[in-house]
Amino acid sequence: MNLSVLCKEAGFSEAFVLPVSPYTDWTRHRNDGAFHTNADFIRDDPAAAYPWANACLICVWAYTPFDDTSVVPAYYIESNRAYHAMKALLQKLNKNGIRAERAETPYRTQLLQAGIGTRMDNQLWYYAPYGTFTVLWGAMLALPEPVSYTPPHNNEPVCDHCGRCEKVCFGALHEGTFDWRHCIRAYMENQPLPNEYLPKLSAFSGCERCQFACPQNPIERIPVPDEIRLALDPVEIVKGNSKAALALLGKNRKKPLLRQAIVLCANRKRTEALPYLLAWKEKDDGTLETELNYAISVLQFEQNMVQYR
Ligand code: SF4
Ligand code: SF4
């Protein structure tokens with residue numbers, strides 16, 4: 001059984017098999033408060049969390065981003081596809097007699113510590129030829145033989161600190177340092193968006209401005225396929241038609257999807273959403289108050305303006 005071939009058959013572009021090692025830097029960073037709360041599930045020390053494993057498998061799913069008019073960054077669609085590919089791969093490994101479980105470990109940190117790829121100023125992981133347009137998934141393995149590992153030659157620093165990512169970002173890169181608390185992606189779970197970010201939300205699940213601005217990234221972009229554009233129409237989602245969108249993004253996105261759809265109806269001036277937003281307001285227990293108040297006021301203003309045009 002060739003592990004690399006199995007990973008490629010599953011759809012991954014690259015796969016790295018690394019020895020299990022402790023991650024003291026990660027633990028220190030977490031203790032310093034450097035990571036957001038969504039990272040709480042990540043294990044500090046894989047050797048202690050998975051004592052049966054003798055290897056970490058980290059798979060790279062590369063993708064071509066959608067153009068910047070898209071209603072969703074391609075990352076989130078691809079992340080869901082890669083998740084299902086990893087599930088199928090783990091089943092195959094188990095069938096071949098190899099114990100394999102999804103790893104709840106810091107994939108990016110593991111790769112960097114192994115000398116694979118580099119970290120950019122926007123804190124993203126870069127690996128040629130894909131740039132930062134990748135999704136990472138990992139697994140812990142019990143292999144018949146211990147792993148010996150030689151770092152590949154793909155860890156040259158490529159970030160020349162040109163500052164373009166900082167200029168286009170509306171929050172996270174400020175005063176010369178990156179602070180995740182200001183990146184819009186830190187608010188893409190089911191929590192209210194800070195007021196100052198409501199008008200900035202241009203797509204479901206955040207933005208990719210810093211990646212698009214980076215001159216080191218590949219320049220190819222593709223238009224969002226119609227199937228995805230229609231499934232993620234924010235008006236359809238506030239109407240309650242979210243089944244197709246959840247099939248693309250993952251069932252766990254249901255609550256954030258509605259929250260963001262409400263804001264996107266406003267930012268895309270979709271006044272036809274108003275009756276549905278007012279209906280949501282009637283039954284809301286306060287959970288969606290920030291987004292509903294914002295969207296209703298923007299769209300009512302827009303509707304009044306239309307009458308005077
Ligand atoms: S994803 Fe958007 S908000 Fe976050 S750092 Fe990049 S440009 Fe800034
Ligand atoms: S835009 Fe410039 S500073 Fe930012 S990550 Fe790319 S090369 Fe580095």
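This is a predicted model: local features need pLDDT of at least 70, side-chain atom pairs count only at pLDDT 80 or more; totals for chains, interfaces and linings use all residues.
1. On the H1 side the contact is made by Leu6, Cys7 and Ala10, while H4 contributes Ala85, Ala88, Leu89 and Lys92. Sorted by class, the contact of H1 with H4 comprises 6 nonpolar residues and 1 charged residue, with no polar residues.

2. Turning to the sheet, 4 strands form an open arrangement in the order S1-S2-S6-S3, with antiparallel pairing. Strands S1 (14-18) and S3 (99-102) stand at the edges and have a single partner strand each, so one side of each is left without a neighbour in the sheet. Neighbouring strands of this sheet are turned against each other by 25° on average, direction ignored.

3. Within the sheet, strand S2 (residues 55-62) and strand S6 (residues 134-142) run antiparallel and are joined by 8 bridges; Ala62 stands opposite Thr134 in S6.

4. As for the ligand, 13 residues surround ligand 2, and the closest are Met120 together with Cys159, Cys162, Cys165 and Cys214. The shell around ligand 2 divides into 6 nonpolar, 4 polar and 3 charged residues.

Definitions and conventions
Residues are numbered from 1 along each chain as its sequence is written. Chains are lettered from A and ligands numbered from 1 in the order in which they are written. A residue is near a molecule or strand if its C-beta atom, placed from the backbone, lies within 6 Å of it. Ala, Val, Leu, Ile, Met, Phe, Trp, Tyr, Cys and Pro count as nonpolar, Asp, Glu, Lys and Arg as charged, and the others, Gly among them, as polar. Two residues are in contact if their C-beta atoms, placed from the backbone, lie within 7 Å. Helices (H or I, at least four residues) and strands (E, at least two) are DSSP runs, numbered from the N terminus. Two strands pair if DSSP finds at least two bridges between them. Axes are lines fitted to C-alpha atoms, for helices over the stretch in contact, and angles run from 0 to 180 degrees between N-to-C directions.
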